[in-house]
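Here is a short briefing on one protein model. Please look at the sequence and the structure before reading on.

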Amino acid sequence: MFASFWNRNHTFRALQRAVKNFQMMIEAEKQERAQSALRAHSSSRKNSKKEINIPEDCAALTGQLQPFVKEEVLVPVFNGTFPSTAEHFFSILLSDDSNYITEYRTFRKDKDINLGQWHIADEYDGQVRELNCKSICHSPMCPPYSAMTEWQHIVLSADKMDLVFETVQQVHDVPFGSFFEVHCRWSVKTISSSLCSLNISAGAHFKKWCIMQSKIKSGAVDELKKEVKEMLDFAQGYILKVRSPDQENSNLAQQDNMAPDAVSGDQ
C-alpha cells in the first residue's frame, strides 16, 4: 500500500533505476569475461597442443586491435631510470632467450614455473605470451601458495628506442580471486647509450562488484610497489651477471692482442 501517488511513482522510478543499473552491470561483466577469455586465448595459443575454441562473447572483439590492460585502473608505482637501453632491456630481461623471469620467480620461491614463448596475436599489437606458476602468498587470509596465471604483452618500436611491457595477473586461489585482475604497464624509453627512463603503473581491475573492492585495490598497489622494487634490484644483478662473461671475453681478447707486442718489445 502506498500513501500517495507520489510515493508510488517515487518507488517505481527507484525500481526502474535499480533494474537498469543491474542490467548494465551484467552487460559489463559479460564484456569483461569476453576480454579475459580473448586475452587468455591469444596468449596461450602457441603453446596449446589442441585447438582452442574462442567463446561466443569474443566474436565481436576479434578483427580489431584490443587494449591489453585497463588504462583507467593504472596508478604510478615507479618513475625513474634504469641502467640499460630499451633494446637491451628486452633482449636481456624479456626475450625468449632470457632466464630473468624464471630466475626471479625461483628467487621468490614460486613453484612449477612454466613460461611460454612470445608470439604474434591478431587481437593485439606486438607479441604475447603466458606465464603459469604457483605463487607464494604472504597474506594471512591466503594459502601458502596459489595458482597464478600472468598474460604478458610487449611492443618494441621499430627504432628499438621505446618498449612497452604489459601484464595481467589472475591469482586463482585467494579470496575473491575470480573477481579481479592485477594490471601493470612498464614503459621504457632509451635516453642515452646506457640509460633509459622507466615508468611503471599498476592497479586492480574488478570484473564484477566485490564487497572488499576498495581494500583489495589499495592492497594490490602497495604489494606491487614492493614487488617492482624487488624485480628491479634483481634485474640489475641479472644484467651484471649476463654481461660479466662478455666483459671477461673482451678482456681476454685485448690481452691476446697485446701479447705479441709485449713479446716483440722484450726482444
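Buried means under 20% relative accessible area, exposed over 50%, and partly exposed in between (1.4 Å probe, protein chains only). This is a predicted model, in which local features need pLDDT of at least 70 and side-chain atom pairs count only at pLDDT 80 or more, while totals for chains, interfaces and linings use all residues. Residues are numbered from 1 along each chain as its sequence is written, and side-chain values use heavy atoms, with hydrogens and water left out.

**Confidence**
- The protein chain has a mean pLDDT (the predictor's confidence in each residue, from 0 to 100) of 81, and 75% of its residues reach 70 or more.
- Residues 48-62 have pLDDT below 50, and this stretch has 18 contacts (heavy atoms within 4.5 Å) beyond near neighbours in sequence.
- Where pLDDT is low, the predicted coordinates should not be read in detail.

**Helix α3**
- Helices are DSSP runs (H or I, at least four residues), numbered from the N terminus.
- Tyr100, Ile101, Tyr104 and Arg105 are buried in helix α3, which covers residues 100-107.
- These residues lie on the same side of α3 because they cover an arc of only 125° around the axis, taken from the directions from the helix axis to the C-beta atoms.
- Lys109, which follows α3, has a positive phi near 75°.

**Asp96**
- Asp96 sits in the loop between α2 (86-94) and α3.
- Asp96 is partly exposed, because its relative accessible area is 38%.
- Leaving out residues up to four places away in sequence, Asp96 touches Gly116, Gln117, Trp118 and Arg129.
- Asp96 and Gln117 are 21 residues apart in sequence, and their C-alpha atoms are 5.9 Å apart in space.

Key:
Helices (H or I, at least four residues) and strands (E, at least two) are DSSP runs, numbered from the N terminus.
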